[in-house]
Amino acid sequence: MANGLPNPLLTADAARSLVDSVDAFLFDCDGVIWKGDQLIEGVPETLDLLRKMGKKLVFVTNNSRKSRRQYAKKFRALGLEVTEEEIFTSSFAAAMFLKLNNFSPEKKVYVVGEDGILEELRLAGFECLGGPEDGKKNILLEANFYFEHDKSVGAVIVGLDQYFNYYKMQ
């Protein structure tokens, strides 16, 4: 104890005790596993050690632009073997939310976002529209302009969208 406070440094014994007490590790991806397209130093060795210890690894991200398949491809490109089942994206979470809440298969999902959301929704069995394709559409910004909405849309999923426009906002 220094100044009445516990030592802030993690000793080797304390680190081993902590790791032994945990069954699963959740890692954010950007800034923890990689920065941009660069693997962060020490990550492969750390993941290998945890796997050898029998720990479950889950990789989470709030970036909805890519699907789990697309993220698995990025992991492989960085030299890491990670399965789609170990990846939990916000786009996958949105699709599973709809599925677990019995969203009607008769209804469509409108996506304000990118391909990651579309892919996860389709894999979950939902019909969707919107996405990057609607980023090319325009509307007339004038008084009394009527916009025809698809009445079969029952949910809107919103994620990061580089192609956001007035059409999608309507």
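Patches are made of residues with over 30% relative accessible area and no salt bridge; like charges are joined within 9 Å, and nonpolar side chains (Val, Leu, Ile, Met, Phe, Trp, Tyr) within 5 Å. Accessible areas come from the Shrake-Rupley method with a 1.4 Å probe, and for residues only the protein chains shown count as cover. A salt bridge is a side-chain nitrogen of Lys or Arg within 4 Å of a carboxyl oxygen of Asp or Glu. One nonpolar surface patch is formed by Leu141, Phe164, Tyr166 and Met169. Together these residues have about 480 Å² of accessible area.

The model is predicted: local features need pLDDT of at least 70, side-chain atom pairs count only at pLDDT 80 or more, and totals for chains, interfaces and linings use all residues. Residues are numbered from 1 along each chain as its sequence is written, and side-chain values use heavy atoms, with hydrogens and water left out. The pLDDT is the predictor's confidence in each residue, from 0 to 100. Its mean over the chain is 92. A value of 70 or more is reached by 95% of the residues. Where pLDDT is low, the predicted coordinates should not be read in detail.

The chain has 6 helices and 8 strands. Helices (H or I, at least four residues) and strands (E, at least two) are DSSP runs, numbered from the N terminus. Along the sequence, their pattern is α-β-β-β-α-β-α-β-α-β-α-β-β-α. The radius of gyration is 21 Å, well over the 15 Å that the globule rule gives for 170 residues, so the chain is more spread out than a compact globule. This radius is taken over C-alpha atoms, and the rule is 2.2 Å times the number of residues to the power 0.38. The C-alpha trace spans about 70 × 35 × 30 Å along its principal axes. Among the elements, helix H1 (residues 12–20) has the lowest mean pLDDT, 87. Strand E4 (residues 56–61) has the highest, 98.

Of the 170 residues, 36% count as buried. Buried means under 20% relative accessible area, exposed over 50%, and partly exposed in between (1.4 Å probe, protein chains only). The chain exposes about 11100 Å². Carbon and sulfur atoms supply 55% of that area. Phe164 sits in the loop between strand E8 (153–158) and helix H6 (166–169). Contacts (heavy atoms within 4.5 Å) were also counted. Among those with a separation of 6 or more, 68% join residues 24 or more positions apart.

Side chains of opposite charge can pair when their charged atoms come close. The count comes to 11 salt bridges. One of them joins Asp37 and Lys74, at 3.5 Å from N to O. This pair links distant parts of the chain, 37 residues apart. Asp37 lies in the loop between strand E2 (34–35) and strand E3 (38–39), and Lys74 in helix H3 (residues 68–77). Asp37 is exposed at 63% relative accessibility, whereas Lys74 is buried at 14%.

Arg68 and Glu120 form another salt bridge, at 3.2 Å from N to O. Arg68 lies in helix H3 and Glu120 in helix H5 (residues 115–123), so the pair ties together parts 52 residues apart in sequence. Arg68 is buried, at 14% relative accessibility. Glu120 is also buried, at 2%. Lys137 and Asp134 meet at 2.8 Å, N to O. Lys137 is partly exposed at 35%, but Asp134 is buried at 4%. Lys108, Glu127 and Asp150 are linked in a network of salt bridges.
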